[in-house]
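Trainee: I would like to learn how to read a structure like this one, feature by feature. Could we take each idea in general terms and then turn to the case at hand?

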2 protein chains.
Amino acid sequence: MGGDYGPSVIIPAAISALQQHSDLHVYLVGPQQEIQSHIKNTRPYTDRLHIEPASEVIGMSEKPSAALRRKPDSSMRKSLELVRDGKADACVSSGNTGALMALATVLIGTLPGIERPAITAELPNRKGSVTNMLDLGANIDASAEQLTSFAVMGHVLSELADGINNPRVALLNIGEEAIKGRDSIKLAGDMLSNQSQIDYVGYIEANEIFDGNVDVIVCDGFTGNNVLKACEGITRFLYNQLKTEFTSGLWSRAVSALVWPLLKRFHRRINPDQYNGASLLGLREIVIKSHGSADSNATLFAINKAITEIERQVPQAIQDRVAQLLLSADNED
Amino acid sequence: MGGDYGPSVIIPAAISALQQHSDLHVYLVGPQQEIQSHIKNTRPYTDRLHIEPASEVIGMSEKPSAALRRKPDSSMRKSLELVRDGKADACVSSGNTGALMALATVLIGTLPGIERPAITAELPNRKGSVTNMLDLGANIDASAEQLTSFAVMGHVLSELADGINNPRVALLNIGEEAIKGRDSIKLAGDMLSNQSQIDYVGYIEANEIFDGNVDVIVCDGFTGNNVLKACEGITRFLYNQLKTEFTSGLWSRAVSALVWPLLKRFHRRINPDQYNGASLLGLREIVIKSHGSADSNATLFAINKAITEIERQVPQAIQDRVAQLLLSADNED
């Protein structure tokens, strides 16, 4: 029910996913009548498309605490309960991020050794691969221990979901300025330098995020959220400037008719939709946050991301890796 | 002597500034012989171009503490001493930001009521005007009081240097996510809401930085530095993607020959050079940080920024406004 468009984009995305994956089952969770009104010809998938009724909806601006305490029959809570109870393998939601984080942490719980989940997303880079960045807003601050656990989780995701061998992990810091970064970051750097399981390559600065020289970038959620949103904002700004440049003046307009297909292709290439689907890493089960403004194509990307994480058993792999690290830390003591 | 190119870009910029401003005097501070080797035909400006000898240079990666304790005859220290001693009205440096902050704070000092200076830069926006953002890296964290003083300083700069009437001031925060921002930000918001001198418009999120709906954006230095550098990084990334799009395939290449002048104009328009020159606001005198990689055109922008701040007496105006605010706060008590 979540996001700016609700069932009108989520249901077509779910049906496309059923088309793509012949062994996939989808539960649509929400007010039964409203869902049914959006379903037209789904006969080919009747046995794999299920409606799970939920009478309440959590609003996009509701406080996480309210989502926890009130609305026992919300579609978000019901979806997470399906995962908790083993009826579904993953939950994909376009709803209120704060509420999703809070409900998922309470209903599903975090993995042993993980204090708090982190929001993780894939960013494009110049090398044509992807860089996972976390945390993007689940934790306002992060202790050295938390940053270290984000590094482990990012490492596992990059290895399993993106197929990157021995991913390079960096901490986001500020370099040449007055202040050489937070104590928590320096301490996390020391902790990561003192282990051999993860290829920790040191600090990077934010202007290097898109260079593709590292595979995982770790930071606190306040910084990560601001950095990601600033990148969204400047991309929109630059694209608008570019359009203005190509449509002002007669010659520009003449040329722009020729060039429009190229511009459109460029826009598609940098379109954040194809990177839609942020993983709430550190939970015992798979929960994917789809962007509130995602269209059905972008929502399909998020569903496919969930499927990949199911196939690669990401939570189990994180748990194993965290246990290994704790074990090797014990041995070194 | 600072920056990636040293005197080879700084001296041509200084000479252009002398050409533009018939009443300007420039001190070039550094090793006399090295400076003289870069000066060719400056006869027209001999009476307005002065060399101030300094035998030492602070390296771009030297620690601020080392710059403070060692090198009593560094070009950076000598430049700031000229300002402190009233021989110069402003200092422009492309050198080590941390060292510049530390030396300026010690040698020149902050204004009454200002605990710490803040680094401030102009960003372009969709409305075609500029938005001042601070702090960009002088302070790793910022208390509510510091954020409030940044708001006052940004307000004054926007009014005086950019000629914006009653500038709109916002705090950078994260909105819809799990966590609704730091306590220091909420408290600063309360403090700014309780005064009537400054048009405080509330929180904005980082994706709105370039929308031009506010004139001043206030944040801590760690966040500001990361946001600004991420924007630099993604701009470079997008421009490279665009070039790739326009040079792959025969048709694209044919079109791109026509379109190249437009692309170059676009690049010039978004070129950060024209926004070069970050003000170290809150000091008793004017200190401008030019980007380390600035060419002589960009350096000229930074010098012109210093001249504007001298003409508008920015530090005096900040001092007056802070005094007014403290006075009105006392009256309200």
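Mentor: Let us begin with cysteines: a disulfide is a pair of cysteine sulfur atoms within 2.5 Å. This is a predicted model, in which local features need pLDDT of at least 70 and side-chain atom pairs count only at pLDDT 80 or more, while totals for chains, interfaces and linings use all residues. Residues are numbered from 1 along each chain as its sequence is written, chains are lettered from A and ligands numbered from 1 in the order in which they are written, and side-chain values use heavy atoms, with hydrogens and water left out.

Trainee: How many disulfides does the structure hold over all chains?

Mentor: In general, a disulfide is a covalent bond between the sulfur atoms of two cysteines. Over all chains the structure holds zero of them. Cys231(B), for instance, is in no disulfide, and the nearest cysteine sulfur, which belongs to Cys231(A), is 5.8 Å away.

Trainee: Is Cys231(B) buried or exposed?

Mentor: Buried means under 20% relative accessible area, exposed means over 50%, and partly exposed lies in between, with a 1.4 Å probe and protein chains only. Cys231(B) has a relative accessibility of 6% and therefore counts as buried. Cys91(A) is buried as well, because its relative accessible area is 4%.

Trainee: How many aromatic pairs are there over all chains?

Mentor: Rings of Phe, Tyr and Trp (its six-membered ring) pair if their centres lie within 6.5 Å; planes under 30 degrees apart count as stacked, over 60 as edge-to-face and the rest as tilted. By this rule there are two aromatic pairs over all chains. In one, the ring centres of Phe210(A) and Phe237(B) are 5.5 Å apart and the planes are at 20 degrees, so the pair is stacked. This pair crosses between chains, from the loop between strand S7 (199-204) and strand S8 (216-218) of chain A, where Phe210(A) sits, to helix H8 (residues 221-247) of chain B, which holds Phe237(B); helices (H or I, at least four residues) and strands (E, at least two) are DSSP runs, numbered from the N terminus. Both Phe210(A) and Phe237(B) are buried. For Phe237(A) and Phe210(B), the ring centres are 5.6 Å apart with planes at 20 degrees, so this pair is stacked too.

Trainee: Which ring does Arg182(A) lie over?

Mentor: A charge sits over a ring if NZ of Lys or CZ of Arg is within 6 Å of the ring centre and within 35 degrees of the ring normal. Arg182(A) lies over the face of Phe222(B), at 4.3 Å from the ring centre, and Arg182(B) lies over the face of Phe222(A), at 4.3 Å from the ring centre. Arg182(A) is found in the loop between strand S6 (168-172) and helix H7 (183-193) of chain A, and with 11% relative accessibility this arginine counts as buried. The side chain of Arg182(A) also reaches the backbone oxygen of Ile140(B) at 3.5 Å, a polar contact being a pair of N or O atoms within 3.5 Å, where within protein one must be able to donate a hydrogen and the other to accept it, and residues adjacent in sequence count only if both atoms are side-chain atoms.

Trainee: Which residues of strand S5 of chain A are buried on one side and which on the other?

Mentor: As a general idea, in a regular strand the side chains alternate between the two faces of the sheet. In S5(A), Val130(A), Asn132(A) and Leu134(A) are buried on one side, and Thr131(A) and Met133(A) on the other. Five of the five residues of S5 (residues 130-134) of chain A are buried, so the strand is largely enclosed by the rest of the structure.

Trainee: How many bridges join strand S4 of chain A to S5(A)?

Mentor: Two strands pair if DSSP finds at least two bridges between them. Five bridges join S4 (residues 118-124) of chain A to S5(A), and these strands run antiparallel. Met133(A) in S5(A) is the bridge partner of Ala121(A). S5(A) is also joined to S8(A), by three bridges in a parallel arrangement, where Leu134(A) has Val218(A) as its bridge partner.
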